[in-house]
Amino acid sequence: MESSSNEHIDYVFKVVLIGDCGVGKSSLLLRYSDDFFQESYLCTIGVDLRIRTISVDDKRVKLQMWDTAGQERFKTLCGHYYRGAEAIIIVFDVTSENSFSNVLRWYEEARQLSRQDTVLVLLGNKSDMADSRAVSTERAQSLAASLNIAYFESSAKLCDNVKETFTATTRKMMEAYQKHHRAHLPDDLTNSKSLHMSQPIKSSTSLNCFDCSIM
Amino acid sequence: MGYESAGKGYSVVAEWNPVSENFTVLNEETAKDMRVFMTVAVDLVFNCIREPIRFTLETRAKVYPKGERFFFHSKKPVKEKYYMHLTPAKLAESEQSAHCEQQYELKSLVSETVKERKKALNLKNYQINMQAGGIPSPNEDEEGSDDESPMVSGSGHVSKEITDADLLGQWAETLKKWHAHLSHRPKQVHMLCRKGVPEALRGEVWQLLSGCHQSAELVEAYRILITKDSPCTEAISRDMNRTFPAHEYFRDEGGIGQDSLYKLSKAYSVYDAEVGYCQGLSFLIAALLLHMPEEQAFSVLVKIMYDYHLRNFYKDGFQDLHLRFYQLERIFQNQLPDLYGHFIDIQLEAHMYASQWFLSMFTAKFPLYLVYRILDLFLCDGLNTVFSVALALLKDSRRELLALDFEGVLKFFRVTLPKKYRSEPAANSLLDIANRTKVSVKKLQKYEQEYLAIQAAQVKQEDPLTMYERDNKRLMETNMRLERENDSLAQELITSKVTLRNDLDSAEESMESLCKKLEKMSREFADSEEMVKRLSTENSQLKEKYRSEVCSVEEELKRNKEIIAQYKDICNSMSERNEKNISSYREELSKFKEVMTHCSQCTESLNITAPARPSVDQSAASKDKKIRE
């Protein structure tokens, strides 16, 4: 991991990965956070957190990436994480028509439960499997264009375009943040105790997104 | 092995003389209650290592009687892994080998079995402290290791060997009692389960604990259920090669393990359509399948889901699960106030770490030894085990967790915690804590009431303004989104209308020209039709003419034939007449000759005229011929 506990951090962003079962959400995060790939070993039950700190345009950005279970029924459990997210990446599998046709449902869900300034991104994974490809880049692009969101294509297996996708998404989050002038910068970042949960996130929308359903 | 080892295997073959005195043991059949061990030692000389290295392999053996027929397909070859620790040797230059720049000395050699055994005995200081240059070993990361990759699910070997003969005796006695009264669980069971069910007995004990002995109909139902289609097949098959991938039974895609797992998951999803299949279940099913055949595993699963109420966790959008999380947090708050306070500070909530604990009954991430021990406890004590085990996990790592921040805690739960229980003593001590952790049913009920009250209050409190406001906001957002969509759709509509208009115009133009063409063509058609008519009348006229012509020709032909026939008749009659004439002439001539012979003067004249006669014949013949022609 790139960050040490008392490193200077400019932004802390939360990213939630959603999409059908088996499209490679966990693999993408494993690749991105640990630079490691396992052929279909990962089954996320509920949610999982991954961290990576990166530099974008001279800013240190810590990404808290939530991996969610893809099964339909987990939407009620994982949906609570959408509200706190600065970005939601909708992942589908370019070799699975089904996962692509479900993108619209995931999009609706994400739009409904997220904030207005949340960046949505469409990501087609498994681009290495050209032979069994079912969804063309053009189709995915035109869907993304009609939803007015960015489209990326990646291969977690070959580590192709994974980093680029997250960097571009981070840039979008920074733009969105600057546009909405939200008090986002932690006041005391050298204080390691409060680092993991930056102050503004806590105060504004908070990770405590569960309140609404439990309390 | 040296420089060229990549992908190569070496085999060493040894033979012994069985008659030799030293091997008498091998010639005697091993008695049932006896154990024979065999040690094979191989000295190998390695390139670059100064001394030969002795590898010893110890294994249990059994000598069978002479006539034994081996059906044991399950016997596996004995495998052993060795960890060698080498240090560069300091050599005089003259000693340096030509093949090898560096010579090494053996520091230590440990087999994996020995290492595991030592680890189990908590002997931490054996000499396998790897340093740079050593062979990296996959099991090297001990507690506190900073390896970041999580453990693969289904890790860990659970031995079937029974080390405690006393415990086995107690179990044997208890099982005897139990089988005599299946519905009555003997008193000792509770105490024995807390110590952990011996692996060899687990399959049987789990079935007895869950009360499966009375469910022959479930076994029957299973056979029918596996033939039915399920709406969950896609979700199920996606989880097959990620359930216990570390276990060899489930490792191979399409192997028997995955096949059974698939069939059982599918059968259950048909049996319980409301729950269907939920991620997390496959791990529990896999743990069952490692101890009993499919049909029995299905029965136990049904019992766990219905009788133990585990299925409530998966129902109705996890409502019951949320209640359990609340209960957990309340007990947590009671029993571990400092850690609970820390979690509140870092805003860590139960659903972030306990979802996969509860939804898989702790089977998904922990080493199998611990998984089985937890299932022993769960099947013995019921669903509240989830609380005692969860609390034990928190208690056992309390100090570490207190020092970690939000991200650190979550990573600890994901990576470090499962690894912590790779050794049996660690798992045992966790279960001791779990057994000591009292979760009172009364309190749980109280918390349930609290939870329901809070929920009701939340709804009430929100009533009516905030709720409406929230709804309003949501609806406004939806409305805005719909409006946006509407706008884009309207635009699309306009552009499509324009293109349609253009299309229509061009289509009209082309239609006009086509109409003109059509007119022209129809005129041409009419013309040609007339011509066809004219031609056809001409044709019929010609036909008529031809026919009459043919008739007249035929008549003429007939007439000609008649004439020919008449002519032939005439010819015939004429030739007849001619012949008659000839014969009459000949008669007259003969008469005449006779008369003339009497007169000498006449005979003379006759001789002169005689040659004239053939000419008469000739002319008659030529006349004949002409007639015939």
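Which residues of chain A are linked with Glu86(A) in a network of salt bridges? The network joins Glu86(A) to Arg115(A) and Asp117(A), a salt bridge being a side-chain nitrogen of Lys or Arg within 4 Å of a carboxyl oxygen of Asp or Glu. The model is predicted, so that local features need pLDDT of at least 70 and side-chain atom pairs count only at pLDDT 80 or more, while totals for chains, interfaces and linings use all residues. Residues are numbered from 1 along each chain as its sequence is written, chains are lettered from A and ligands numbered from 1 in the order in which they are written, and side-chain values use heavy atoms, with hydrogens and water left out.

Chain A contains eight helices and six strands, where helices (H or I, at least four residues) and strands (E, at least two) are DSSP runs numbered from the N terminus. Along the sequence these elements follow the order β-α-β-β-α-β-α-α-β-α-β-α-α-α. Of the 215 residues in chain A, 62% are buried; buried denotes under 20% relative accessible area, exposed over 50%, and partly exposed the range in between (1.4 Å probe, protein chains only). Among contacts in chain A with a separation of 6 or more, 73% involve residues 24 or more positions apart, a contact meaning heavy atoms within 4.5 Å.

Over all chains, 28 salt bridges are found in the structure. One of them pairs Arg171(A) with Asp57(A), at 3.2 Å from N to O. Arg171(A) belongs to helix H6 (residues 162–180), whereas Asp57(A) lies in the loop between strand E2 (47–56) and strand E3 (59–68), so the pair ties together parts of chain A that are 114 residues apart in sequence. Arg171(A) is partly exposed, at 35% relative accessible area, and Asp57(A) is likewise partly exposed, at 46%.

In chain B, a salt bridge connects Lys420(B) and Glu400(B), with the closest N and O atoms 3.4 Å apart. Lys420(B) lies in helix H17 (residues 406–420) and Glu400(B) in helix H16 (residues 398–402), so this pair ties together parts that are 20 residues apart in sequence. Lys420(B) is buried, with 14% relative accessibility, whereas Glu400(B) is partly exposed, at 35%.
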